[in-house]
Amino acid sequence: MALPDVTVSIIDGALGLSAGALEGLHAKIGVSSGGTANTVYSFGDQTTAKNTLGAGPLVEDIAFHLAVAGGPALAVPVAASNVGTVGTITRVGTSPSPGLGTSGTPRDKYDVIAEIVTGGAVATASFKISFDGGATYSPVYATAASVTTFVAATGLTLTFVAGTYVAGDTYTFSTVAPTYSASDLNTALDALLADSREVEYVHVVGTVGGATDADKITNFVALASAVATKMATAEAAKRWEFAILEKPETAEGAFEASATWAAFASRYIVAVGGRITIQSQVSGRQTSRSLAAALTPRTSLTPVQEHPGKVARGPLPGVLAMSRDERSTPGLDTARITSGRTFSGTNGFYITNGKTAAANGSDYADLPNLRVINKACRVANAALLRWVNDTVRVDKVTGKILEVEAKAIEAFVNALLFAALVSPKSASAVDIVVNREANILSTKTMPVSVRITPVGYASFIPVDIGLVNPALQVV
């Protein structure tokens, strides 16, 4: 027999869109060199986060979030079944080849340039090294058969073979960050959902790989499907949450043209495309992260109804560069993927639209609407719990709820929803109706309808401008 409780169902399709105290709190799940896998940590400052989690993608993103939005924020290290790898090392010049080598496994994605500063034999020659493609360089160090200076931060030990090194020569290579398996991620998500601390949303740091764009899209859809299932499980447990996922890098237009992606739909998923360059809060170097790293602090700092691309809020803080501009290369937005853009006449980088992966025409295709309805669910559930197993008087003639009882319940729930949504301008109006026709005596069920009128958004502003000669105007 079912237990007495409130059952909340989200209604979709009511807006008629054409097919074309948790607020802001979130958790990041990703790979880090420190911390215990599948353990939920809460951080309010960067120092504690770095000391606990060490290095890796999770640390970079949590530190950036704390720098921009402050805390608290939750973090869950995930087991990394797939270790990071080092690509081919390319020499430019006449120094030994192979000359520079590495041991160990990288803790993140690096674009490495090692430049010989002083020529000579090993131990006489010196070098400087960049892990961000030349944006910043280390101090000058002496070459050696084993250089462990960078192992704590990057996981890599550098090695120099015997030979004569020439000033100005370079060695370049890139690394692939460690990644998790689907099983690893599921375990970490289960740990988060088992934790008593609830969040508004989850950011899965890192993404899938694949030999081809088609493989990447297939793998990403599998990832999104698995995470959506976890979010549906959370909702069934009255934890209304969504997940931000990082789209893999593919050729321009690949996702837009993919039938595999088009067939996937879920309001639980916010897929984010494009890369940004930020100043690492861990190493001080410049680092490339997913645009999702900038979307999370913007989301956490803004009320649920605010468009993440609101120009009056200002550009995304801390973003130095962006890999793709939806304004010049449109496509991701119509493919239900959140992207970044610029505006003519203003500096900085902005979110184009906060898009969810909901089906075209869904009321929750836009992130603010999803955030508002999730908040409404939490408030309505808490308000109606007050009435679970409470007495409800019925009419002696019809056996149905008395009008005075129905109005009292509606007034109680309306007051809480109004205070939570309408007063702070998160919604335009709320409407609560207790079903007067339910046979409560027989079914012990009291159906209630809650409807939220959302706010509108001035996304398109047509303007006509011209000249006027007052002398020619008709009085």
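**View 1. Pairing of β1 with β14 in the predicted model.** In β14, H203 is the bridge partner of K28. Strand β1 (residues 26-30) and strand β14 (residues 201-204) run parallel and are joined by 4 bridges. Strands of a sheet pair through backbone hydrogen bonds, in either a parallel or an antiparallel arrangement.

**View 2. The open sheet of 6 strands.** The strand order is β2-β3-β1-β14-β15-β16, and the pairing is mixed. β2 (41-43) and β16 (269-272) are the edge strands; each has a single partner strand, so one side of each lacks a neighbour in the sheet. From one strand to the next, the twist averages 25°.

**View 3. Helix α2 on the sheet.** Helix α2 (residues 57-69) packs on the sheet and touches β1, β2, β3 (73-77), β14 and β15 (242-246). The direction of α2 makes about 180° with that of β3.

**View 4. The buried residues of helix α9.** In α9 (residues 403-422), the buried residues are E405, A406, I409, E410, V413, L417, A420, L421 and V422. These residues lie on the same side of α9, because they cover an arc of only 155° around the axis. An α-helix has 3.6 residues a turn, so residues three or four places apart point the same way. The elements covering the buried residues of α9 include α8 (367-385), β22 (429-434) and β23 (448-453).

Methods
Residues are numbered from 1 along each chain as its sequence is written. This is a predicted model: local features need pLDDT of at least 70, side-chain atom pairs count only at pLDDT 80 or more; totals for chains, interfaces and linings use all residues. Side-chain values use heavy atoms; hydrogens and water are left out. Two strands pair if DSSP finds at least two bridges between them. Helices (H or I, at least four residues) and strands (E, at least two) are DSSP runs, numbered from the N terminus. Axes are lines fitted to C-alpha atoms, for helices over the stretch in contact, and angles run from 0 to 180 degrees between N-to-C directions. Contact means heavy atoms within 4.5 Å. Buried means under 20% relative accessible area, exposed over 50%, partly exposed in between (1.4 Å probe, protein chains only). The arc is that of the directions from the helix axis to the C-beta atoms.
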